Amino acid sequence: MQSLADDVQDALRTYAADDAIKLCGQASLYIIATHPEKVMDLAHDVPEHWRRLFEDASLHKVVELLRAHSKDTDLEPDAKRRKTEHIVVASNRNHDWLQEVVNVLDRGLSLSGAPGRPAIFEHVLEQLHQLTVDETEAEERKSFNLEKPEVLVSEYPVDRTSEPLDLEGFQTRLDTDRTPLIITGAIEEWPARRSWINPSHLLRHTLGGRRLVPVEVGESYVADGWSQRMMPMREFVATYLIPRTPLETGYLAQYDLFAQIPALRDGISIPDYCYSTPPPADADALKTAGLASVQQLDEPLLNAWLGPKGTKTPLHTDPYHNILCQVVGYKYVRLYPPKETCRLYPRGVDEKGISMHNTSQVDMSQLWKDARAEDVERMSQDFPLFREAEYVEGIIGPGDSLYVPLGWWHYVESLSTSFSTSFWWN
Amino acid sequence: MSELKTRTAGHRQTANDGASKPTSMLCAGLNAHSQLQAGTQADVRKFTPVEDISTPQKGADVLFAGWSTTVFSSGNKIWTQGFQPISSTLGGNAAHEDIQTRSVIGDHDGFLALLTTSGDLYTVFSSSDAQSATLQLMTTESSPSIALIAFAGTGRIALTFKQAPNGNLCHIAEFNTLDRFLAWYRDPSDSDCYPDKHHMLPGRPAQLLANTASFILLLENGEVYSWGDPRHQSLGRAINGEGTTKADVPGIVEALGGLKITKIASGGWMSAAFSEDGALYLWGAAGAPGHDRSIRCLREAGAGEVALVELLASAHDEPLDVIDVAIGDAHVAVATSDGRLFVVGDNKDGQLGLDSAEDFIEDWTEARGLSDVQRVVCGSNSTYVFVH
């Protein structure tokens, strides 16, 4: 680890001629190598020069940690054998120096976006990955709960193809029909379909589950007490994914996990459908919340959705077309067309000043299955027009891809442990 | 990325009782540039006397306590400890009277400018090798007549103009950057240099301060106005709804309505005010967005509300009267009339002076071992206390 620390420190000594970090002034650069944490505390702002400062300070902190660990292990005879033991006994998490280093790296990456030194982050993460290849975790022997749910009998099912469509077939349908569609079997070739069934795959590619991921804890993003926090992947898997009845719902939602963990990106691919040409939006779809500020995308926006049974995403719209691919597990979806917006009671601005116009006030989770009479009654009183709104619904399972047209309201609830990827495009 | 650093001379320490007991200065907090204690870069985690070998400390004042530099003054002499090297005398050697400082602004690199009660503006010029810096007088006969100036962490400048002795309309100008302010100050007639914003309020300004992203103004009649970034309840007032003023325009902090406020303080995302009868009010949040620790009394206040802070010597007493308050980036220090010091908030660098290893203290805590506390000044990550 000393030579890794040396490499990183050498690389940090050089600044590009136009490096924005220089805009932060001399006082902070003067102490960045000796007091990286103090400089990280200072650099908590968005303009590039502050993110550069946070980035470099994080890497200086990593150098400090690597040298400290190296000094500790050098004191032991037979250091190599010790090192392996040290890792296998990683269940003693209080002294997991590797987790400490990963915490600084992941925080540095997520807060700074690595504007100046992405190669150093990659190099360090690769080197650290070598240390974890022989680890085994208790979680790896467990498996996800992937029980198939009851078949949904519905009067208003989402259209479904019986076979995979190619891009041409999808475009042909798009030209005449702007409604949602479930395409069966289009992602069968994805390696992820086989590898994501086991928690061990996730843990192995995240440095033994040490990489930090953002987890939403709580019923749904409109419920009281909902919060987000970063936690090691192994904590997410052990606390929220594996247990049959966890205390709280934890959802790794709407997160580009593949940008953070490039090795996982190899298991999936962008569906051809994202390269189709959608028809121009109709008058109702043009009013979709957030549409005015959205840029033309060159590449689809990728998101991972990994969670237990029972995650609920409230009825909402997105200002993009969406292909939602179900890799593992099952989800219930209900969709309402843009023309029904007036019957769906969109929210306003919340007390913190954040616009919630893309979210409906109606709590779908109470209404689609085993609905209690009093909940249905209260809903009719609070939201009288809702019951007239036309919808379609369905259950997507492993291998299915759901097309959600721009501006369509959708409610999604997981019926088992579920792993989905969404592709937003326009 | 700058911190609030504006102060009014009106609250300079004075020996009110006429007995002129010597005052000493103690400090605690971030010391990575040796700005608090020379010879070490370690945090100063308990209140320690400020050493200053080169100049006697008696009667010395802290003009500015920044992230990397502390600026001291005594009479017209100004000197620093820490990163930015300054040793200067206001008014040159010809000055016979003490020049009173009204406002001081700076950032994490150090001190930037100083405004005197007579309206003279001094800015800091660094030598080309950054080995020394001096204060240079910018004011000429054609310079605008300004009374107070403040510099927010976002880089915005706000200032108030001097008023006629019986004037009652306060004019406030805002500039998006310090450079734009200086360009206007040098040539106010150039239309390219005009202020980016202009506000008018009834009253006479007494204090103008800034924190990370907002400004706060105290008028002589005791009213308080705030404007800027409303996140984290940092304005202490509602910004939408009937009868409210938008965030980016000065609006009165109604929760303090009817009170005569004596002094305000501001820093990070918080501001405070205490009234002539010694009641202290605090609003905002300790810490940048995403920070997960919070000061309990602020957590419990709602949007548009301010927290009444009650500090007690012991559980059964009446709340103590507050005589001074200061705010850093995420910590608050309060001096009470019986000479005690109370602190709360961020203690990552030891700035609460409690000799504690805790990173953050949620509840008001007395800094024991101090008596006869007269005044308190906060830097972004440090605290200075003046005791008899």
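**Charged pairs and their surroundings**

Mentor: Arg173(A) is a buried residue, its relative accessible area being 15%. In this predicted model, the side chain of Arg173(A) meets that of Asp177(A) in a salt bridge with an N to O distance of 3.4 Å. Asp177(A) counts as partly exposed because its relative accessibility is 22%, the cut-off for a buried residue being under 20%. Side chains of opposite charge can pair when their charged atoms come close.

Over all chains the count comes to 44 salt bridges. One of these joins Arg67(A) to Asp6(A), with the closest N and O atoms 2.8 Å apart. Arg67(A) belongs to helix α4 (residues 48-74) of chain A and Asp6(A) to helix α1 (residues 2-13) of chain A, so this pair ties together parts that lie 61 residues apart in sequence. Both partners are partly exposed, Arg67(A) with a relative accessible area of 23% and Asp6(A) at 35% relative accessibility.

Helix α4 of chain A also holds Arg52(A), which forms a salt bridge with Asp19(A), the closest N and O atoms being 2.7 Å apart.

On the side of chain B that touches chain A, the residues divide into six nonpolar, four polar and five charged. Across this interface, eight residue pairs are in polar contact, and 15 residues of chain B are in contact with 16 residues of chain A. The size of an interface is often given as the accessible area lost when the parts come together. Here chain B and chain A bury about 1500 Å² between them, with 63% of it on carbon and sulfur atoms.

The nonpolar surroundings complete the picture. The largest nonpolar core has 42 residues, of which Phe170(A), Trp196(A), Met233(A), Phe236(A) and Leu257(A) touch the most other members. Helix α11 (residues 233-241) of chain A supplies the largest share of this core, five residues. Leaving aside neighbours within four places in sequence, Leu257(A) is in contact with Trp196(A), Val213(A), Met233(A), Leu264(A) and Ala304(A). Another core, of 24 residues, lies apart from it and includes Ala272(B), Ile295(B), Val309(B) and Leu311(B).

Returning to chain A, Leu165(A) is found in the loop between β1 (159-160) and α8 (167-176). Leu165(A) is partly exposed, with a relative accessible area of 25%, and, not counting residues up to four places away in sequence, touches Phe170(A), Leu181(A), Ile183(A) and Tyr273(A).

Definitions and conventions. Residues are numbered from 1 along each chain as its sequence is written. Chains are lettered from A and ligands numbered from 1 in the order in which they are written. This is a predicted model: local features need pLDDT of at least 70, side-chain atom pairs count only at pLDDT 80 or more; totals for chains, interfaces and linings use all residues. Side-chain values use heavy atoms; hydrogens and water are left out. Contact means heavy atoms within 4.5 Å. Buried area is the accessible area (1.4 Å probe) that two parts lose on being put together, summed over both. A polar contact is a pair of N or O atoms within 3.5 Å; within protein, one must be able to donate a hydrogen and the other to accept it, and residues adjacent in sequence count only if both atoms are side-chain atoms. Ala, Val, Leu, Ile, Met, Phe, Trp, Tyr, Cys and Pro count as nonpolar, Asp, Glu, Lys and Arg as charged, and the others, Gly among them, as polar. A nonpolar core is a set of buried Ala, Val, Leu, Ile, Met, Phe, Trp, Tyr and Cys residues joined through side-chain atoms within 4.5 Å. Buried means under 20% relative accessible area, exposed over 50%, partly exposed in between (1.4 Å probe, protein chains only). Helices (H or I, at least four residues) and strands (E, at least two) are DSSP runs, numbered from the N terminus. A salt bridge is a side-chain nitrogen of Lys or Arg within 4 Å of a carboxyl oxygen of Asp or Glu.
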